[in-house]
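Grab a pencil and have a go at these exercises. Try each task yourself before you read the worked solution.

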Amino acid sequence: MTPDISLSQVPAHARHGSSIGRPLTRREGVLKVTGVARYAADNHPAGMLYAVLAASRIARGRVTCLDVPAAMAHPGVVAVMTPANRPALALDPDAKLHPFMFRLDLLQSDAVRYANQPIAVVIAETLEAATEGAALLAPRYEALPARVGLDAGESFVPPVVGVGHPAEQLVGDVEAGLASAARRVDATYETPAQYHNAMEPHAVVAAWDGDSLSLDMPSQGMAMAQARLAGLLGIAPENIMIRSPFLGGGFGSKGLIAGPQVLGILAARLVGRPVKLVLRREQMYGPVGHRPPTRQRLRIGAGADGTLTALAHHALITTSTFDDFFEPAADASHTLYASPAIATSHTAVRIDTGTPMFMRAPGEATGSIALESAIDEAALACRMDPLAFRLKNYAEVEPISGKPFSSKALRACYAQGADRFGWAGRPLAPRQMRDAAGMLVGWGMGTATFPALMFQAEARAVIRRNGGGVVEIGAHDMGQGAWTALAQIAADAVGLGIEQLEFRSGTSDLPDGGIAGGSAHTATAGMAIHAAGGEAVARLAELAMDDARSPLFGAGNAGVVARDGRLFRRDDESRSESYADILTRAGLAQVEGRGKSGGDPAAQTAYAMHAHGAVFAEVKVDPDLGQLRVTRLVGAFAAGRIINPRMVRSQYYGGMIWGMAFALHEEAVTDRRSGRMLNANLADYHIPVNADVPEMEALLVEEHDPHVNALGIKGVGEIAITGTGGAVANAVWHATGMRARRFPIRIDDLV
Ligand code: MOS
């Protein structure tokens, strides 16, 4: 399953790289399984106190009374932080100076805008005392009726959706396309609110030293957190040290610093001692983001032969009353299927909820499950096999923009996935297959896609005379394997074996590693590393090529190759020199290179850049009880160069599991009267456990992309959740003949 990676796209100095493409195990694996890896909340600086949040039990209104004296009287309680004594901030937490500045609840008033909003912080000598103190606050409220759900108010067209996309986009004439269609589908799908539920709750251990701040805090974007904190606290970013070597997951919720983490920092300022604050699981359902619910209407027109004539995708979404994150659900219809007319649109409703946030393919996952279900319905309307229908409408250029794809191996994904799954011969009609035990068997499929993005990052590389090297970047390993994959890129970039390389990462004093989000961390941080390593190697090459004593003398521009701690003449590999010899002769202890990520701006404009995949699902349904199991998942994905097939396969498995969870498990339930969460815990909020996870296969489909970036890396973190939800839903229909259009699919939808 490991693709045969062509090295032709690797620039000269890394052409014979020995690390990229190897299925190395996680560098931190032993640390993690032996419990040595230190997560934020494992830190206990001397004199540390414990902070516990008190969170609102109403969704809208204000806090009228907190029994601070009762909490303070409890043994061990040191302070209670409320709006009355919270240390001053240099910036209003409700200020929004740019679209990425999310509004935070930092005890700026007694107003309550959602359930589980922080309303006070109790700081004590022990966790128990702080917890008891928080309970003794016994808040009283003036509650207003909570606005809950998609029908809670007037909808409006958001200014933009996602990261600055237009809320409405149109090519061609959708109404004409629908009117002329021989077959039509008009179906509305609902998806629920979902919460990130990373294993590790948001946490911070904060210690002040004058105006300098030291933080142990999980982060998917340390430089952004540093900048946000500097603004709020009125101190210089370089006075803030963030250590985030390991994250117990993030899924988007640790991309931007969350309000409760800032409150932990303010608590430490208030008491003048280090403070630890860790959210309790139920407190994660409110102030740290979520995926909003959607209602999506898909209208599809097709000719009698199955050729699409129109595709219209409208999404109604919710957001908070006080901020502006709009899930770009309908944008899923921009890239996948060729149609002469495509219209996407969004409207939003403001409800009494915490502000939604990026979560596991924000928009792509939400839109995908609706689009892939509707495409399945359209295939049926045309009496066509769902795969044949998708191939009939295969997009040779990006449908919404008309741009060519930088690369697109989706046909190969369809072919390899279908072959592996055994799709051929699938009966068109539902309820045709049973297993030996009499269970209904259904097969469904979906197409996966995710944009290939790249952000800003910087890196530093050092090659030493003693034969070693160092690469430094403040990158983020949130469990995805970044530490391993980026070290592989680093080793090849400096032409050293991975064992010779010291790879430093995970703290904010290193060069800015960008954001671990948008499935773009490997491309972003990897390209910065690649550039920094390339510069260090170029320095060495200059030293050698300019020196008549070197076997490389006169090799000329780009005339050398770096590997195994040596430079080789490209035209005559028998002529080489070790890094140690070059540096010794030059009288240098080391050379250094710095680099930034970045692609070719012309290519970024000229091409549509996406990863693609195809997912095939088998489900079994008890015909009497409606009980439902996913029994097989096969995904085939093409995402450019694969740095580490083991890590990538693991990312695909994770994505497919979350896709299954989207179809069958995850749903946050809000009480309609109080606006409070009814299932804010991992017992009642269903996520797949081992017993739910079927036999899975993830095929790595070969793809060479000469345009995305010099390394040919797309991204693998989020694509596999797309396609999978639809594949499972379509398999449920194929097993039962019942089309569930509200997710997650429940047993009562099937009996
Ligand atoms: Mo991801 S939702 O881009 O962290």
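**Exercise 1.** Which strands does helix 9 lie across, and at about what angle does helix 9 run to strand 25?

*Solution.* First, some ground rules. This is a predicted model, where local features need pLDDT of at least 70, side-chain atom pairs count only at pLDDT 80 or more, and totals for chains, interfaces and linings use all residues. Residues are numbered from 1 along each chain as its sequence is written, and side-chain values use heavy atoms, leaving out hydrogens and water.

Helices (H or I, at least four residues) and strands (E, at least two) are DSSP runs, numbered from the N terminus. Now find helix 9 at residues 410-421: it lies across strands 17, 25, 26 and 27. Its angle to strand 25 is about 25°, on a scale from 0 to 180 degrees between N-to-C directions, with axes fitted to C-alpha atoms (for helices, over the stretch in contact).

**Exercise 2.** Work out the strand order of the open sheet and find its edges.

*Solution.* Step one: the 5 strands run in the order 16-17-25-26-27, with mixed pairing. Two strands pair if DSSP finds at least two bridges between them. Step two: strand 16 (433-434) and strand 27 (695-700) are the edges, as each pairs on one side only. Step three: strands 26 and 27 pair in the parallel sense over 6 bridges, and Arg632 has Glu695 in strand 27 as its bridge partner.

**Exercise 3.** Describe how helix 14 meets helix 15.

*Solution.* Their axes come within 7 Å and cross at roughly 50°. So helix 14 is oblique to helix 15; angles under 35 degrees count as roughly parallel, over 145 as roughly antiparallel, 65 to 115 as roughly perpendicular and the rest as oblique.

Definitions and conventions. Contact = heavy atoms within 4.5 Å.
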